[in-house]
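Biologist: Before we start, please put the model on screen. I want to ask what stands behind each label.

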Amino acid sequence: MSSNQGAWLDGKDKKLRVDSSEMPKAGADQIVVKNHAVAVNPVDWKIQDSGMYIQKWPMILGCDVAGEVTEVGDNVKRFKKGDRVAGHAVSLASGASEDGGFQLYSRITAGKAAIIPSKISYAAGSVLPLAIDTATVGLYSSSSEGKGLGLPMPSLNPKPAGKTIVVWGGSSSVGALATQLAVASGAKVIATASSHNFDFCMSNGATDVVDYKSSSVVEDVVKAVKSAGGDFVGTYDAISLPEQSLKHTVPITDKLGGGVLSIVLQAPENPPSSVKVAHVFGINEMTHPIWENYVTQALKDGKLKAVPEPLVIGKGLESVQKGLDKNKEGVSAKKVVIELS
């Protein structure tokens with residue numbers, strides 16, 4: 001029988017330690033994946049620095065995995081052994097190390113996984129899972145309750161929805177997926193990015209892109225939204241930090257008549273009453289229909305792209321710490337990935 005190893009976090013400010021880990025067993029609604037590639041997200045090094053979200057030590061972090069199914073739970077019908085999949089590992093919610101991504105084998109909820117076609121490498125597939133779930137919660141949760149932008153679910157053949165949104169941070173992992181999914185829902189997207197990433201944002205379906213470094217960025221975005229037309233429903237802030245984005249996304253949303261501001265990190269202080277702040281947490285069962293009904297076929301048809309491009313910085317679990325360090329330094333229109341096999 002195969003053995004498992006993981007990159008363990010022993011405590012706040014500790015470096016990752018590679019050691020043996022328990023071989024996961026699939027529950028009725030779960031699969032076990034032999035990981036060929038794992039991706040790094042900012043939440044990983046932020047947890048390492050702060051200890052937030054950790055229910056018990058030591059813990060195995062990591063949200064994004066891509067690999068081969070080795071075990072299938074009794075209730076699982078969409079997958080079989082040997083399938084190439086990408087999935088969202090949820091140890092942050094479950095508190096169980098078996099559910100972490102930074103190991104050779106991970107337990108994944110079947111409703112948070114999809115088959116990736118052979119044309120997409122494991123490294124590329126690993127960039128998707130957390131970004132899909134985080135984008136989904138912010139885009140599709142109820143707007144009337146102020147929980148999200150309330151867009152219609154994505155379709156392989158979308159019809160114009162008559163809605164327009166702003167995606168701040170369009171070249172980020174979450175921003176790139178939010179743009180693609182919103183367009184698949186028939187919405188128009190005005191994205192922000194550095195000028196050298198304009199083409200990348202447009203390739204994901206954005207109607208227009210505005211330079212976030214412009215001194216007139218608020219006015220520029222408002223103008224672009226009005227030019228695009230449609231019913232403005234709100235802003236997806238994929239950055240959600242006071243100086244980098246919130247000081248712009250709050251007035252943008254307000255000047256456009258108000259709406260939902262979906263945030264992934266910090267909430268703005270004392271926003272105007274016209275702005276409904278919706279905090280996004282990607283571990284949510286409402287994302288399951290996207291995985292089950294859209295992602296696999298959209299990837300196969302080329303209607304959903306595995307972006308941003310993976311930046312492979314090493315091989316093996318010993319390289320995961322290097323990946324966290326690289327992500328903390330900052331990357332542009334790429335996602336840090338470690339290949340495991």
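Biologist: Where is methionine 52 found?

Modeller: This is a predicted model. Methionine 52 lies in the loop between helix 1 (42-50) and strand 4 (59-60).

Biologist: Why is methionine 52 counted as partly exposed?

Modeller: Its relative accessibility is 32%.

Biologist: What makes the nonpolar surface patch of about 270 Å²?

Modeller: Met52, Tyr53 and Phe281 make that patch.

Biologist: Why is asparagine 284 called partly exposed?

Modeller: The relative accessible area of asparagine 284 is 30%. Buried would need under 20% and exposed over 50%, therefore asparagine 284 is partly exposed. The residue sits in the loop between strand 14 and helix 9 (288-301). Apart from neighbours within four places in sequence, asparagine 284 is in contact with Lys112 and Val137.

Biologist: Why is cysteine 201 called buried?

Modeller: Cysteine 201 has a relative accessible area of 1%. The cut-off for buried is under 20%, so cysteine 201 is buried. Its place is in helix 6 (residues 198-203).

Biologist: Which residues does cysteine 201 touch, not counting residues up to four places away in sequence?

Modeller: Cysteine 201 touches Gly170, Ser171, Thr179, Ala191, Ala193, Ala206 and Val209. The criterion is heavy atoms within 4.5 Å. As for glutamine 244, its C-alpha is 18 Å from that of cysteine 201, and the two are 43 residues apart in sequence.

Biologist: How does the reach of helix 8 (residues 242-255) compare with what is expected?

Modeller: Helix 8 has 14 residues and reaches 18 Å from first C-alpha to last. Just after helix 8, glycine 257 takes a positive phi of about 100°.

Biologist: Which residues of helix 8 are buried, and what covers them?

Modeller: Ser245, Leu246, His248, Thr249, Val250, Ile252 and Thr253 are buried. The cover includes strand 9 (163-168), helix 7 (217-228), strand 12 (231-237), strand 13 (259-263) and strand 14 (275-279).

Biologist: What does UniProt list for residues 11-338?

Modeller: An unreviewed UniProt entry lists "domain: Enoyl reductase (ER)" there. Over residues 11-338 the chain is 30% helix and 26% strand, with the end C-alpha atoms 22 Å apart.

Methods
Residues are numbered from 1 along each chain as its sequence is written. This is a predicted model: local features need pLDDT of at least 70, side-chain atom pairs count only at pLDDT 80 or more; totals for chains, interfaces and linings use all residues. Side-chain values use heavy atoms; hydrogens and water are left out. Helices (H or I, at least four residues) and strands (E, at least two) are DSSP runs, numbered from the N terminus. The expected span of a helix is 1.5 Å times one less than its number of residues. Buried means under 20% relative accessible area, exposed over 50%, partly exposed in between (1.4 Å probe, protein chains only). Patches are made of residues with over 30% relative accessible area and no salt bridge: like charges are joined within 9 Å, nonpolar side chains (Val, Leu, Ile, Met, Phe, Trp, Tyr) within 5 Å. Accessible areas come from the Shrake-Rupley method with a 1.4 Å probe; for residues, only the protein chains shown count as cover. A salt bridge is a side-chain nitrogen of Lys or Arg within 4 Å of a carboxyl oxygen of Asp or Glu. UniProt positions are given in the numbering used here, feature names are shortened, and annotations may be inferred rather than shown by experiment.
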